[in-house]
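Q: Could you take me through this one slowly? I am new to reading structures and would like to ask as we go.

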Amino acid sequence: MDKKFYRETIDSIKISHKAVDEAIEKLHSGDTVGKVIKMEKPKHFKLKAAGMAAAVLALVVALSAVFYPYSASKSPVAPKNKNNNSFFITANAAEATNDEAKSEKITSNDFVKIGEVVPTVGFLTYDVGDNDISNDRMVGLFNYDLKCEGNNIDKVTYKIDNATFCVKNGYKPVIDKDGQNDLFKLYGLTVGEEGEYGAYYSYTVDYDNQPDLSKYADDITAPLQILGGINEKEQKGQTTKVHGKAKWSEYYNSIFNDTVITVTVTFKDGTEQSQKLQLQCDYKDDKNILVNAKVIE
Amino acid sequence: MENSIGTEKKLEEIIRKYADMIYRIAFQNLKSKADAEDIFQEVCISLITKNAPVDDELHIKNWLIRVTVNKCNNFHKSFWQRNREPLSETLKCFPHEQQELLEDIWRLPKNYRNIIYLYYYESYTIAEIAEILGLNPNTVSSSLQRARKKLKNVLIEGGFNYG
């Protein structure tokens, strides 16, 4: 190969001044820098608020134990809670409008946003070779951020049914995972290259070192993602060339129809408690495709 | 810690210095000027908002390459971005022989394109490429050989012999 000709050809590929100026303008406008700063402030506040709330709660619990020891042990719920083991799940998904992380408890009442579609990826197809799209499958990749809060928790395990977790290899907060890279083949997709990501049914994290995924809200390289797919029956006969937005909306909204995440916490005394989350995809428009969750049991 | 004006100045220098490099990698990966510009903007946002090693000349370049390649890999899987721009439209501003070389490069698997670029254009060693792309050096070496062979064969078959 003629290196000189190759270099000349590559030399002739130049970005427009307009694109560079646009990036510089964004830098000086402080839009993006501001977002980083804005994210930190509420977090500190929340930590303080959470700390105060925890202190008040601890005081109430302690006083209750001192003044009402008998009634507490006779309570119908006492056997379950006598070791104070409990937990709840929170979503810390950044707001699409301002990237400001907002922690919210997930309950059985309403769906709560836990994340959104990975920017620029949208509905995915796997390009075999570069141009052979015969094996395309319709799948969607989503960033998310779930955490657990509670007492005496040692570890938290997330297990997903009818979708898969994509875990970046070597991501330290994940201390254990279960699955197989072949899972990607189910979706006709590999995420990253050369084994950068693996696909897993479940993963476990230490309670004290839970991943902070809110900072990856708009990042396609987030270390944990959820990959969901339209079932095979839905996909048959589809190609990447057809369908208007209404059809895409329909596909998106059905992507997590049967997807459930089981969150199991292992307490320091070895006991376990679980909650199940039903996922839901909410296609608002091309730029706002959310993944929501609510507790179902 | 440096003040924000100093940081902004440094980031601006980095963006200006590596704009073409980011764009070239993205263009070779995505075969589209518009998509390559989108990736460039995304890489710049990551540079501004993430903890990029802005004080380390060597590492920032490697970081930018890695982020660009990663973003391109993800971009490739997108439905919306596929085939948005006809190839003939993309190539029309290049002279005929360069068009043919670019088409031949685009026939290579994506990773081969990146390896060829980093080796022949950015003059990285195989070990450095392996580190940047998170690959085994043996994989890089064999990919480079295969890419070289494929590119040469393609060029010969196409009526040109560049080497």
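**Aromatic residues and helices**

A: Let us start with A:Tyr158, which is buried, because its relative accessible area is 2% and the cut-off for buried is under 20%. Please keep in mind that this is a predicted model.

Q: Ok, and is A:Tyr203 buried or exposed?
A: A:Tyr203 is buried, with a relative accessible area of 2%.

Q: How many aromatic pairs turn up over all chains?
A: A search of the whole structure finds 10 aromatic pairs. In one of them A:Tyr158 and A:Tyr203 are stacked, with 5.2 Å from centre to centre and 25° between the planes. That pair links distant parts of the chain, since A:Tyr158 sits in strand 7 of chain A and A:Tyr203 in strand 10 of chain A, 45 residues apart.

Q: Which residues form one aromatic cluster with those two, A:Tyr158 and A:Tyr203?
A: The cluster is made up of A:Tyr144, A:Tyr158, A:Phe165 and A:Tyr203.

Q: What about B:Tyr23 and B:Phe27, where do they lie?
A: Both lie in helix 1 (residues 4-30) of chain B, four residues apart, which is about one turn of the helix. B:Tyr23 and B:Phe27 also form a stacked aromatic pair, 6.1 Å centre to centre with 15° between the planes, and both of these residues are buried.

Q: Switching topic: at what angle do helix 1 of chain A and helix 5 of chain B pack?
A: Helix 1 (residues 3-11) of chain A and helix 5 (residues 96-107) of chain B pack at about 95°, and their axes are 10 Å apart. The two helices are therefore roughly perpendicular.

Q: Which residues make that contact?
A: From helix 1 of chain A they are A:Phe5, A:Tyr6, A:Glu8 and A:Thr9, while helix 5 of chain B brings B:Glu97, B:Gln98, B:Leu101, B:Leu102 and B:Ile105. Sorted by type, the residues of this contact are five nonpolar, two polar and two charged.

Q: And helix 6 of chain B, how many of its residues are buried?
A: Helix 6 of chain B is mostly covered, with 11 of its 12 residues buried, and among them are B:Lys110, B:Arg113 and B:Tyr121.

Q: What span should its 12 residues have at 1.5 Å a residue?
A: The 12 residues of helix 6 (residues 110-121) of chain B should span 16 Å, and the C-alpha atoms at its ends are 16 Å apart, so the two values agree. The helix is followed by B:Ser123, whose phi is positive, near 60°.

Definitions and conventions. Residues are numbered from 1 along each chain as its sequence is written. Chains are lettered from A and ligands numbered from 1 in the order in which they are written. This is a predicted model: local features need pLDDT of at least 70, side-chain atom pairs count only at pLDDT 80 or more; totals for chains, interfaces and linings use all residues. Side-chain values use heavy atoms; hydrogens and water are left out. Axes are lines fitted to C-alpha atoms, for helices over the stretch in contact, and angles run from 0 to 180 degrees between N-to-C directions. Angles under 35 degrees count as roughly parallel, over 145 as roughly antiparallel, 65 to 115 as roughly perpendicular and the rest as oblique. Contact means heavy atoms within 4.5 Å. Ala, Val, Leu, Ile, Met, Phe, Trp, Tyr, Cys and Pro count as nonpolar, Asp, Glu, Lys and Arg as charged, and the others, Gly among them, as polar. The expected span of a helix is 1.5 Å times one less than its number of residues. Buried means under 20% relative accessible area, exposed over 50%, partly exposed in between (1.4 Å probe, protein chains only). Rings of Phe, Tyr and Trp (its six-membered ring) pair if their centres lie within 6.5 Å; planes under 30 degrees apart count as stacked, over 60 as edge-to-face and the rest as tilted.
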